[in-house]
Amino acid sequence: MASHEHKIDHLDQPYYGPPIPPAPPATTSAGVRPPGRRRDSYALFCHAFRVLTLVLIALGVVALVLWLVYQPSNLKAYVDSAQLTRFDLATDANGTGTQLLRYNLTVGVSIRNPNRKQAVLYRRLDAVAFYGGQRFGYVDFPRMQQDRKSTMEVRPSFHGQAAFATGEAALFGREKEEGFFGINVKLHTRVRLKVIIVNSVEYRPDVDCYIRVPDPSNATAVALGFTPTQCHVDDFS
């Protein structure tokens, strides 16, 4: 009995030894985290993925609504004037037999922006002239901005000489007799639409104009003059 009381008294005594460290966290035999922690990480990843997906869907819906509200109307273009002061064929003086098309052409093109809410930022604007399917002139313009509901005019002027395929000489002779030359003028563009301070993606609404220009050496054709012509303009797409 005395021995039992002695043991109890010993256990009741305060302990003054070194601190006892806490028990280590439970791990598996291979030192891998318990399955519960892996499940928590996976659940957090799934939640973040769902939130990101919902945000992207919301942004897509907002973009679609804005596009439907601010859907732009296509540009319109007209050739108001076109004048040739020289347009003839000559043989190369070097004796190669190459035919040269010598030309001096000025074209006035009006471009109409019918949109009430979008200005047009021209990141690229150049004009190319073709005759008989062959390119003979090129002019580029600096960057510019066209305001809403406005019309601007560009006046490309082509002059110089270019090699001309022998097979197209018959076309030239026929049209010279008629007094009018069929010339194709194309405007290549890269534009962005501007709504307040926001710019759209880039579009390429190219302009294609087929015009019949009086032969400057034909008095009758010159008297009839040039007929203003509407051009084809690609959609904003």
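Analyst: Partly exposed means a relative accessible area between the limits for buried (under 20%) and exposed (over 50%), computed with a 1.4 Å probe on protein chains only. On that scale Lys176, at 32%, is partly exposed. The model is predicted: local features need pLDDT of at least 70, side-chain atom pairs count only at pLDDT 80 or more, and totals for chains, interfaces and linings use all residues. Residues are numbered from 1 along each chain as its sequence is written, and side-chain values use heavy atoms, with hydrogens and water left out.

A salt bridge is a side-chain nitrogen of Lys or Arg within 4 Å of a carboxyl oxygen of Asp or Glu. The count by this rule is seven. One of them joins Asp215 to Lys176, at 3.1 Å from N to O. Asp215 sits in the loop between β10 (207–214) and α4 (219–224) and Lys176 in helix α3 (169–178), so this pair ties together parts 39 residues apart in sequence. Helices (H or I, at least four residues) and strands (E, at least two) are DSSP runs, numbered from the N terminus. Asp215 is buried, at 2% relative accessibility.

Helix α3 also holds Glu178, and strand β10 holds Arg212. These two side chains form a salt bridge at 3.9 Å, N to O. Glu178 is partly exposed at 45%, and Arg212 is partly exposed at 37%.

Glu202 and Arg190 pair at 3.4 Å, N to O. Glu202 belongs to strand β9 (198–203) and Arg190 to strand β8 (180–195), so the bridge ties together parts 12 residues apart in sequence. Both are partly exposed, Glu202 at 34% and Arg190 at 26%.

Finally, salt bridges link Arg86, Asp88 and Arg102 in a network.
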